[in-house]
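Load up the model and follow along.

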Amino acid sequence: MPQNSEIKKHIRSIREIKQITRAMQLVSQVKMKRSRKLLDLTKPFFLGCVRTMEEMMIAEPEALSNLFQIKQKPAGSEWKVLFFVFGAEQGLSGSYGLNVVRFAEKVINDTRARIEKDGYVFSYEIRFLGKIGRERLVRDGYQVNASWNCHIDNPNFYDATDIANNMFDLYHENKVDSIYLVYSTMKNKIQAHPIYTRLMPADYQGLHLLLSELFSQAEIEEEEQRCNFYQHETMEWIPNAHKVKDYLSLTYIYGMVYGAFTESFASEQAVRMTAMNQATDNADELLGKLQIEKNRVRQQQITQELNEIISGSIL
């Protein structure tokens with residue numbers, strides 16, 4: 001039977017752990033809200049860019065053709081794909097990091113099968129963002145760029161633009177044939193799930209889906225009316241369509257990369273907040289059981305002392 005002193009020591013340690021998990025829960029909650037607020041602030045500008053890209057696709061389809069059209073290469077050629085995988089920055093977030101890695105492996109394998117089916121030689125490189133998950137990919141035999149590293153803790157727009165500019169240069173210099181983003185997004189306020197998107201060449205259907213998810217039904221109908229209007233009007237792009245195209249292309253990439261940064265960061269914080277909340281609840285439950293055990297041991301000690309007093313008085 002455990003001694004009362006041992007139970008008290010156990011209770012004290014559980015309370016200390018509870019204080020830590022509670023503090024981590026609050027920190028993750030603040031970080032998640034802040035990252036979501038930053039993303040919401042950038043949405044109007046990014047969505048305006050996407051709207052204008054749709055208008056240009058209708059009025060000047062050739063201007064954006066190199067951004068949306070998949071490259072044409074002879075059969076048997078090498079097709080190099082660049083994957084940017086947004087993992088976890090810290091631990092204590094449940095299976096979040098493992099889920100992202102497993103999903104990234106599935107995306108890579110599916111992409112390999114699709115490209116090889118088209119008659120190309122699949123070649124790829126993984127650039128991993130974060131700390132948790134890189135070793136798992138390497139251990140599973142995937143080609144992770146060991147010299148490239150980037151943190152996703154407290155993301156800012158300038159870090160996203162640096163990476164986006166590098167993506168843009170690699171694609172237009174024909175050093176890669178397609179670029180994918182693998183990251184997590186918020187399924188609801190407390191759950192996250194991994195997703196992927198083809199950044200370049202841009203997925204037009206994916207952009208249209210993005211609009212349908214982020215705009216209200218009234219705004220979607222207004223957008224369709226605007227698109228119908230532009231089908232019958234001659235648009236004038238100042239200074240010219242190519243300059244506007246370059247600006248929109250970079251803005252689109254900036255928005256997508258920064259969105260992946262903030263979504264991944266918010267998702268990780270949401271998962272950690274949930275995990276720490278569960279740990280705090282478990283600590284409360286364990287403290288309740290230990291308190292009952294402490295009272296039971298104390299009651300037995302008192303009963304034993306009374307029995308000894310009674311036995312001594314009889315003698």
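**Sheet, helices and a serine**

Helix α3 (residues 96–117) lies across β1, β2, β3 and β4, and runs at about 165 degrees to β1. Helices (H or I, at least four residues) and strands (E, at least two) are DSSP runs, numbered from the N terminus. This is a predicted model, where local features need pLDDT of at least 70 and side-chain atom pairs count only at pLDDT 80 or more, while totals for chains, interfaces and linings use all residues. Residues are numbered from 1 along each chain as its sequence is written, and side-chain values use heavy atoms, with hydrogens and water left out.

**The sheet**

- Four strands make an open sheet with mixed pairing, in the order β2-β1-β3-β4; two strands pair if DSSP finds at least two bridges between them.
- At the edges sit β2 (121–129) and β4, each pairing on one side only.
- Neighbouring strands here are turned by 20 degrees against each other on average, direction ignored; axes are lines fitted to C-alpha atoms, for helices over the stretch in contact, and angles run from 0 to 180 degrees between N-to-C directions.
- Helix α5 (residues 157–172) also lies across β1, β2, β3 and β4, at about 45 degrees to β4.

**Strand β3 and its partners**

- Strand β1 (residues 78–86) pairs with β3 in the parallel sense, over five bridges.
- Two spots to check there: V85 stands opposite V182 in β3, and F84 has L181 as its bridge partner.
- With strand β4 (residues 192–200), β3 runs antiparallel, joined by eight bridges; I179 is partnered with M200 in β4.
- Is β3 (residues 178–186) mostly covered or mostly open? Mostly covered: nine of its nine residues are buried, meaning under 20% relative accessible area, with exposed over 50% and partly exposed in between (1.4 Å probe, protein chains only).
- Both faces are covered, with S178, Y180, V182, S184 and M186 buried on one side and I179, L181, Y183 and T185 buried on the other.

**S267**

- You'll find S267 in helix α8 (residues 241–314).
- Why does S267 count as buried? Because its relative accessibility is 0%.
- Leaving out residues up to four places away in sequence, S267 touches Y96, S184, T185, M186 and A192; contact means heavy atoms within 4.5 Å.
- A polar atom of the S267 side chain lies 3.4 Å from the backbone oxygen of S184.

Note on methods. A polar contact is a pair of N or O atoms within 3.5 Å; within protein, one must be able to donate a hydrogen and the other to accept it, and residues adjacent in sequence count only if both atoms are side-chain atoms.
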